[in-house]
Amino acid sequence: MSNQVLDNSNISVHLGKTSQYKSTYDKTLLVREPRQNNRTYLGIKDDNLPFVGFDTWNAYECSFLLNNGCPVTGVAKIVYPANSKYIVESKSIKLYFNSFNMQHLGVSIRQGIDEFTKRASADLSELLETGVTVGFIPPHLYDLTEVSSHSMYRKDTFVTLENTIEEKQLYTIKFDTYQETPELLNSVHNAYMDVSRPIHYHSALLKSNCRVTSQPDWGDVFIYMNSNYDVDKVALLKYIISFRGECHFHEEICECIYKRLHDKFSPSELFVMCVYARRGGIDINPVRASSIDILYKLSANLSDVHSPHIKTSKQ
């Protein structure tokens, strides 16, 4: 995956450079990147996607002023579909949200939030040429809400892959591949079974790096697959770890894992969610699935911009 040559000229407008943080609203700070730039390498075409999905961004450092000068702070939650032609570049959206910091948006908190979400939704929808939903959750609602997605991380739902391997066995396994290598994926004896078998695996060992700055991105991956192949757990873990040296965006990592599993095991149902730790006050959480039903069943409230998404302790 890392052997491809990608054009980073557009997304390098801000990334890897010293930036001036504007204190008044400026939508021209936003930068987009075509999804097809990476999908071409994976054999994925925008007009014939092998999955459905969405990307959820949580921006934890958002603020604006009321007309009387009083600041309002909160978490902005952004959701847009995986079939959009573009993604937004992460530093540009951070600079964009920072440009609201000294912007007066209304006489009341509710009016200010409405104006913030209205502008952000319109600007991002225009930039990405798709419908983008934006919510703004103030601290008093974020802290008191009982809505979370902890249940989806229960170990009786998604089993942590690295914990299924006995400690003594783990020490005998050689992990020496840190560039994405689909050939690592294997089934148990490559056996095809007459009856499909669902698996729910989680791993906390997902790590990749920014495509432009090479800064580390730490994440968890959640995989549900219903296939006639019995997946080799060690092989799957080796494959996940092979992303450790890769330099790609979060969305690209998620789509690569999905495409490789889809091609190797021909599952009737497939779900891949990459839940990344925040960096620079923003986290990005791409989700891809073989159907709408599975997408929303397993991603809990990640797509609801009005509900906080309580994640694992690492996040």
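**Entry: Ala289**

I began with Ala289, which sits in strand β10 (residues 282–289). The model is a predicted one. I looked up burial next: Ala289 has 0% relative accessibility and counts as buried. I then checked Ala289 against Gly53. The two are 236 residues apart in sequence, yet their C-alpha atoms are 5.9 Å apart in space. I listed the contacts of Ala289, leaving out neighbours within four places in sequence. They are Phe51, Val52, Tyr258, Leu270, Phe271, Ile294 and Leu295.

I turned to Ser203, in strand β7 (residues 187–209). Is Ser203 buried or exposed? It is buried, because its relative accessibility is 0% and the cut-off for burial is under 20%. What does its side chain touch through a polar contact? I found the side chain of Glu162, at 2.9 Å.

**Entry: aromatic pairs**

I noted 14 aromatic pairs in the structure. I took up Phe64 and Phe136 from among them. Their ring centres are 5.5 Å apart, with 55 degrees between the planes, and the pair is tilted. Why does this pair tie together parts 72 residues apart in sequence? Because Phe64 lies in strand β2 (residues 52–65) and Phe136 in strand β5 (residues 133–137). I checked burial for each ring. Phe64 is buried at 0% relative accessible area, and Phe136 is buried at 8%.

I then opened the pair of Phe158 and Phe222. This one is edge-to-face, with 5.3 Å centre to centre and 90 degrees between the planes. Phe158 lies in the loop between α4 (139–144) and β6 (159–160), and Phe222 in strand β8 (residues 216–231), so this pair ties together parts 64 residues apart in sequence. I found both Phe158 and Phe222 buried.

I also traced a cluster held by ring pairs. Its members are Tyr25, Phe64, Tyr96, Phe97, Phe100, Phe116 and Phe136.

**Entry: arginines over rings**

Which ring does Arg119 lie over? I found it over the face of Tyr25, at 4.7 Å from the ring centre. Tyr25 is also a member of the ring cluster. I noted a second case: Arg32 lies over the face of Tyr86, at 3.8 Å from the ring centre.

**Entry: helix α3**

I checked the span of helix α3 (residues 109–128). At 1.5 Å a residue, its 20 residues should span 28 Å, and the end C-alpha atoms are 28 Å apart, which agrees.

I then went through burial along α3. The buried residues are Gly112, Ile113, Phe116, Thr117, Ala120, Asp123, Leu124, Ser125, Leu127 and Leu128. An α-helix has 3.6 residues a turn, so residues three or four places apart point the same way. I kept that in mind when reading the list.

What do the buried residues of α3 pack against? I found β1 (32–34), β2, β3 (71–81), β4 (86–88), α2 (90–98) and β5. Phe116 is one of the buried residues of α3, and Phe116 also belongs to the ring cluster.

Notes. Residues numbered from 1 in each chain as written. Predicted model: local features only at pLDDT ≥ 70, side-chain atom pairs only at ≥ 80, totals over all residues. Heavy atoms only, no water. Helix = DSSP H or I, 4+ residues; strand = E, 2+ residues; numbered from the N terminus. Buried < 20%, exposed > 50% of the residue type's maximum accessible area, 1.4 Å probe, protein only. Polar contact = N/O pair within 3.5 Å; in protein donor to acceptor, adjacent residues only side chain to side chain. Phe/Tyr/Trp six-rings, centres within 6.5 Å; stacked < 30°, edge-to-face > 60°. Lys NZ or Arg CZ within 6 Å of the ring centre and 35° of its normal. Contact = heavy atoms within 4.5 Å. Expected span 1.5 Å × (residues − 1).
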